[in-house]
Amino acid sequence: MTYSAFSVHPGRSTGVLADVWGRSAVRDVLLTLGAAGAVGLAAQIAIPVPGSPVPITGQTFAVLLAGATLGATRGAAGMVVYVLAGALGVPWFAGGASGWPSATAGYLIGFVLAAALTGQLAALGADRRPSHTIGLMAAGNALIYLVGVPWLAFSTGIDVPAAVGAGLAPYLLGDLLKTLFAAALLPATWLLIHKRIDTNDRY
């Protein structure tokens with residue numbers, strides 16, 4: 001099944017980047033699988049954090065970017081594929097790990113929820129201005145930690161303040177840098193699309 005081209009016109013305030021030039025069922029499947037693969041690839045950028053089972057990775061950036069680019073349904077579906085495939089043995093969790101990671105499973109669940117949230121916000125136009133994109137990224141990161149940190153505390157038997165120290169505090173600077181990068185990347189991409197469509201409309 002193929003949907004109409006330009007189903008999301010760049011001049012409008014709603015819609016996601018993946019739909020600017022139309023949709024098809026095949027494209028949706030490929031984008032969903034591609035999102036899972038992108039997160040798996042980003043997970044291989046893993047820096048151990050002393051005293052924490054949670055490494056610094058590129059995962060969260062890839063998760064939130066996938067959600068914002070693909071929208072809530074495909075973004076979340078891509079993360080479900082990523083989580084299930086990794087749990088079943090695909091070695092694309094952080095550092096090439098696979099299987100169900102007891103201590104960090106909450107972050108994986110958070111990935112699914114955060115991709116859905118950022119996708120919904122982007123569909124409402126929150127990825128078109130830097131200030132709005134910062135809010136989008138902050139909301140997605142917050143949701144990941146909201147699930148991941150309590151799970152970390154529960155699974156390891158540490159208290160919540162200790163879990164915050166081990167599973168949140170060391171990553172805030174990196175999250176800030178990723179957020180600023182996304183705040184430049186997503187609105188700039190929309191701007192380029194606007195210019196291209198405007199140029200084509202003149203001819």
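Predicted model: local features only at pLDDT ≥ 70, side-chain atom pairs only at ≥ 80, totals over all residues.
Residues are numbered from 1 along each chain as its sequence is written. Local features need pLDDT of at least 70, side-chain atom pairs count only at pLDDT 80 or more, totals for chains, interfaces and linings use all residues, and side-chain values use heavy atoms, without hydrogens and water.

The largest nonpolar core contains 47 residues. Such a core is a set of buried Ala, Val, Leu, Ile, Met, Phe, Trp, Tyr and Cys residues joined through side-chain atoms within 4.5 Å. Helices H1 (25-42), H2 (59-70), H3 (72-87), H4, H5 (130-156), H6 (160-167) and H7 (172-201) each supply at least two of its residues. Helices are DSSP runs (H or I, at least four residues), numbered from the N terminus. H2 gives the most, with eight residues. Tyr82 is among the residues with the most contacts inside the core. Its contacts (heavy atoms within 4.5 Å) include Trp92, Phe93, Leu108 and Phe111.

Ala114 sits in helix H4 (residues 105-123). Ala114 counts as buried because its relative accessibility is 0%; the cut-off is under 20% relative accessible area, with exposed over 50% and partly exposed in between (1.4 Å probe, protein chains only). Ala114 touches Leu64, Gly140, Leu143 and Ile144, leaving aside residues up to four places away in sequence. Gly67 is 47 residues from Ala114 in sequence, yet their C-alpha atoms are 7.5 Å apart.

Leu173 lies in helix H7. Leu173 is exposed, at 59% relative accessible area.
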